[in-house]
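My entries follow the display.

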Amino acid sequence: MKNKVVIKGDKLTGFEMSWILDEITSAELIYEVKSAEDQKAALNKITDELNISAIQSHYFSELYTENNEPIKFKAKPVNPRAEIKDNRLVYHFELALAQPQTVTGKSFKLFTFEPSYYLYMGYEKASDVTATEQHLCQVSMIEPIVNQQLRLYASKLDKTEKPDMPSDKSLSLGAQFAQKVSIVCQ
């Protein structure tokens with residue numbers, strides 16, 4: 001993933017996200033586009049399908065204030081589009097907040113993860129997380145701290161097994177391995 005924290009004036013308004021799909025899924029979707037009579041229409045159809053998946057999964061994301069209060073997102077992604085880049089399908093969209101948040105003296109945490117842990121959602125490097133207003137807020141990607149017992153448990157699961165997950169997805173196996181985007185504002 002890549003993520004640009006969007007700050008306009010003194011408000012956090014959302015996140016410009018880019019999700020790079022895995023090689024196998026990308027290959028299937030790229031084949032679908034390239035073999036279509038109308039490639040633009042095929043790419044638009046894939047974008048619509050990705051929108052539905054993102055919406056149904058609450059964008060695979062959770063945002064919290066410094067007091068661990070959840071912040072809601074808008075119901076639909078803003079300016080979604082898909083493109084083929086370096087033989088991968090990339091889904092771009094803005095994950096907008098339902099209510100922009102004042103940033104002065106505040107901090108926020110964003111987690112993006114797939115609850116089951118079978119689908120990796122992560123940043124390859126810390127520089128994949130940026131902000132539009134670097135002088136107002138410092139953003140950083142923080143790796144999760146996962147104990148060895150949980151790592152061993154996760155490594156022993158196969159595709160046919162379901163992790164013993166609580167009903168609260170924030171306690172799910174995927175959430176425990178999720179990287180955190182920290183946003184600390186002056």
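These entries go from the sheet to the helices.

I noted that this is a predicted model, where local features need pLDDT of at least 70, side-chain atom pairs count only at pLDDT 80 or more, and totals for chains, interfaces and linings use all residues. Residues are numbered from 1 along each chain as its sequence is written, and side-chain values use heavy atoms, with hydrogens and water left out.

**Sheet.** I took helices (H or I, at least four residues) and strands (E, at least two) as DSSP runs, numbered from the N terminus. Two strands pair if DSSP finds at least two bridges between them. I found an open sheet of five strands, in the order β5-β6-β2-β1-β8, with mixed pairing. Its edge strands are β5 and β8 (129-131), each pairing on one side only.

**Strand pairs.** I looked up β1 (residues 2-8) and β2 (residues 11-20), which pair in the antiparallel sense over seven bridges. K4 has E16 of β2 as its bridge partner. β5 (residues 78-85) and β6 (residues 88-102) are also antiparallel, over six bridges. V78 is bridged to E94 in β6. The β5-β6 hairpin has two residues between its strands, and D86 in the turn has a positive phi of about 50°.

**Helices.** I checked α1 (residues 23-34) against α2 (residues 39-56): their axes come within 8 Å and cross at roughly 145°. Axes are lines fitted to C-alpha atoms, for helices over the stretch in contact, and angles run from 0 to 180 degrees between N-to-C directions. Contact means heavy atoms within 4.5 Å. α2 lies across β2, β5 and β6, at about 45° to β6.
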